[in-house]
Amino acid sequence: NLEFRINSKFVEVINIMKIHSIDNAAKHLVLKGRDIELITIKLDNVQLKKNAYIVDDNQLKINGPFKNNFSLEIKSRIDPFNNTSLEGLYSSSGLLTTQCEAEGFRRICYHPDRPDILSRYVVKITAPKERYPTILCNGNLILDRLDPKDSRMRTVIWQDPHPKPSYLFALVLGKLYEQKSSYTTKSGKNILIRVHTNENDIKYSSHAISSLKKAMAWDEQIYALEYDLEQYNIVAVRHFNMGAMENKSLNIFNSKLIIADETLSTDSELEKIESVIAHEYFHNWTGNRVTCRDWFQLSLKEGLTVFRDQSFTADLHSFSVKRIQDVLSLRNIQFKEDSGPTSHAVKPLKYNSIDNFYTSTIYEKGAEIIRMLETLLGKELFREGLKFYLYKFDGKAATTEDFLDSFLEIINHKKIKTSFKLDEFKAWYEKAGTPKVKIKHVWNSKKGILELSFTQSIQTNNKRSEPLIIPIKFKLFDKNGMITGENLFILDKEKKKLCIKNLPKTKKGPYISLFRDFSAPVIWNTDVCDLDLLELLKVDDNLFSKWEVSQRLVKKFIINRSKNLIDSKLEDLYISSLKLIIEKREKYDLRFVAKLLELPGLPEIEASQKNIDPISIYNANSNFQAAIAKKLSPQLYELLANIKPSLSLNWPNGVGERELTAIAWKWLTKIGDVSICTEALNAVKSDSMSLSKAGLNALNPIICAQREEALEIFYQRWKDKPIILDSWFNLQASNPNNNSFNTIESLLKHHRFDPLAPNAIRAVLGGFANNMPNFHAIDGSGYNFMAEQIILIDQKNAITASRLVKVFSNWKNYIQIHQEKINDALKILDRQNLSSNTREIINLMKN
Ligand code: BES
Ligand code: ZN
């Protein structure tokens, strides 16, 4: 039983817990708590004397002995109005709202605050009715009345019938506007859906509602999972450390992930929002009904739920395009993380602050592990296993072993023979680092036999050195098309050979398409020559693999160019293949063509190299872009004219056309086409945010009058919408042509810049970190500036600061001059009295 009494300066919290002791010999009961003013403690209704407990900054220790069952009532006070950490109860634009994952509940009241302690919550809230007309909590509303003695005060009671860990608790109070809808589940239950925002934004909540309904239908169809309460609430909050949070029946979202329509959001934002709504909804089963035993199991809920939201988006839109996007972000973020000092296993060995472990490794690599399991077991058996796991651990806290063992149990029960040992598959959770796979091939044209030799290796600090189980989807082609079907090869030893017989006895061997759909999260290399790769780009029927081949070649071109090596002949051949694809584009989804034309990200290239000069990679990338733009310009003009009529189609239609337009504008402005600059400027005034941003992104890196005008128009148009204005801040912070700190400092002092909003901080400082020439300025000024800003942020919001400090994480991969300058910046940070969150990252980076 929790009770909140909301006062204008503080909040009184009364927490009554029924506790069952599982260890009669326990001498103490330890409850966590931070920034709480303790008032009284009653044990079985008797107030404790001061000598019966000890309080410090982080916990309350109550002396035993204890009975088997007892009740504890703790009265305390908290101050949400001055809580800038955005954890626990805090205020945001007049709202009172909570964020409890991972360890925020301990800022609300003294509590064990561990994910394996599940309780049924009844929550009573008393608050002034004028100021807080909306009061939301988990579960069902069971009472709502005015105080008989004081009609300015209102009391509500919410009850959540499902036992839950404290990290899923949520409470929101404020003046909120709502959009209502309803959903009827497969079994006929009617669910009330409500999205709550501020007054101005409520008209932009339909996309969130329709996304939620799609997610509900998908989970019913694919996994036979239904929603389990009478209502589902989503609240949009401006000040939020993360993207969104799956609190039971009361999701809280960063407002940038709720408020949406075509005039406010780009196509990719609309798709992202749809997937985040789905992600938080999917947690209702994978995370909430079955939760984590401890935070080492974080990927059990996050990796699995990311896999589920990825599958959802793939089913709704395009499998290949989604796969390409996910692999791009895996390589640019997770591979980069894994190549530096913050590399860790999906099941980390140790952590200091769990907030630092909401990483791409836990999320995206975790999702890849689940995906490999699906590949190895097949879709049907995988789904059955997952359903069994949820059935078996419903209402419990589980581990990754429990999860995998559930599949084993199904396999054994059905007497299925698998071609791999599920037990050995666990190693994927334990090893840090990205595995490497080398493939060599020998072609015997006389016998028609292809021999492939695979070798796996991994650089890891972990003890366990058994090989990983690596599923490799492959297929063979000749000039005219496929000569074998797709097959799965399981690399489960350090070295293993595969012999493919009865192939056509041609002089030139088959083209080998490997790791189709990116069947394992590894870095792989073959001895196949570049010309054969080019041939695969033409004949491969797997869109992902076509893209993969193209990326491989481009990466090579850029790395070579950064060393002043230009292989013009091969580049030309490659560009001719692109030409052909653009000309024959009616064969493809245009979104795929757009993906093909996008260059790989710089972080991915950086992660694959040692001793990198970030500036020379940036310049090489930029020069290569200009080179392609020049050679493809006739095709690009033809393309632009041809797709123009489709630009106004509503999402999800017209996406490919708009993405291609964005790329063509970017490339053509880069090679100095002035007419495009005007077109891009006009787009900024249009009703489509996708086109508006396409225009801005094309203009931002070049020096021209249209750029200034475009930014001014955008500012005037959106100055009253903070979530949109964030991108205006971001564009300026990332402007490569502005090397004065005055600009960036004036952004931070701008009257529309909100220093307490993580989105705004990330827009400016994240934007600056991507401003390659200026962040990496050779005198180290960019690094020092960043360090100073992080110090200031850390005093207010440790989570945001410790995430931002990772911009330095790969410093040891850089050439010496940059290493020295980043080291100087790290020393500045190291001398400070930092939060434990930021301290942990600094210490990892120092070692
Ligand atoms: N449970 C997390 C949110 C969270 C993370 C809260 C860390 C507190 C600390 C939520 O389910 C989540 O994963 N959100 C992601 C978006 C998602 C689509 C990957 C986020 O917030 O970025
Ligand atoms: Zn999640």
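A polar contact is a pair of N or O atoms within 3.5 Å. The views below show a predicted model.

**View 1**
A backbone N or O atom of Ala 244 lies 3.1 Å from an oxygen atom of ligand 1, so the pair falls within the 3.5 Å limit. The side chain of Glu 280 brings an N or O atom to 2.7 Å from an oxygen atom of ligand 1. For the side chain of Lys 301, the distance from an N or O atom to a nitrogen atom of ligand 1 is 3.4 Å. Around ligand 1 there are 15 residues, of which Glu 101, Gly 243, Glu 246, Glu 280 and Tyr 363 come nearest.

**View 1. The zinc ion (ligand 2) and its donors.**
His 279 (NE2), His 283 (NE2), Glu 302 (OE) and Glu 302 (OE) coordinate the zinc ion (ligand 2) at 1.9 to 2.7 Å. Along the chain, the donors follow the spacing H-x3-H-x18-E. His 279 belongs to helix H2 (residues 267-282) and Glu 302 to helix H3 (residues 298-316), so the pair ties together parts that are 23 residues apart in sequence. The arrangement is irregular because the six donor atoms around the zinc ion (ligand 2) subtend angles of 52 to 163°. His 279 is buried, with a relative accessible area of 7%. Glu 302 is also buried, and its relative accessible area is 2%.

**View 2. Val 276 in helix H2.**
Helix H2 also holds Val 276. With a relative accessibility of 9%, Val 276 counts as buried because the cut-off is under 20%. Apart from residues up to four places away in sequence, Val 276 touches Ala 244, Phe 253 and Leu 257. Ala 244 is also the residue whose backbone N or O atom lies 3.1 Å from an oxygen atom of ligand 1. From Val 276 to Met 245 the C-alpha to C-alpha distance is 9.5 Å, and the two are 31 residues apart in sequence.

**View 3. The largest nonpolar core and Ile 62.**
In soluble globular proteins, nonpolar side chains tend to be buried together. The largest nonpolar core of this model has 276 residues. Phe 4, Ile 62, Ile 125, Phe 169, Phe 403 and Phe 808 have the most contacts inside this core. Helix H15 (residues 614-643) gives the most to the core, with 10 residues. Leaving out residues up to four places away in sequence, Ile 62 touches Lys 27, His 28, Leu 29, Leu 31, Ile 41, Leu 43, Leu 48, Ala 52, Tyr 53 and Leu 72.

**View 4. Gln 635 in helix H15.**
Gln 635 has its place in helix H15. Gln 635 is buried, at a relative accessible area of 12%. Its side chain makes a polar contact of 3.2 Å with the side chain of Glu 583. Neighbours within four places in sequence aside, Gln 635 is in contact with Lys 579, Ile 582 and Glu 583.

Helix H10 (residues 530-539) is mostly covered, with eight of its 10 residues buried. The buried residues are Asp 530, Asp 532, Leu 533, Leu 534, Glu 535, Leu 536, Leu 537 and Val 539.

Note on methods. Residues numbered from 1 in each chain as written. Chains lettered and ligands numbered in written order. Predicted model: local features only at pLDDT ≥ 70, side-chain atom pairs only at ≥ 80, totals over all residues. Heavy atoms only, no water. Donors = N, O, S within 2.8 Å, 3.2 Å for Na, K, Ca; no water. Tetrahedral: all angles 85-135°; square planar, octahedral: opposite > 155°, others 65-115°. Helix = DSSP H or I, 4+ residues; strand = E, 2+ residues; numbered from the N terminus. Buried < 20%, exposed > 50% of the residue type's maximum accessible area, 1.4 Å probe, protein only. Core = buried A, V, L, I, M, F, W, Y, C linked by side-chain atoms within 4.5 Å. Contact = heavy atoms within 4.5 Å. Near = heavy atom within 4 Å. Polar contact = N/O pair within 3.5 Å; in protein donor to acceptor, adjacent residues only side chain to side chain.
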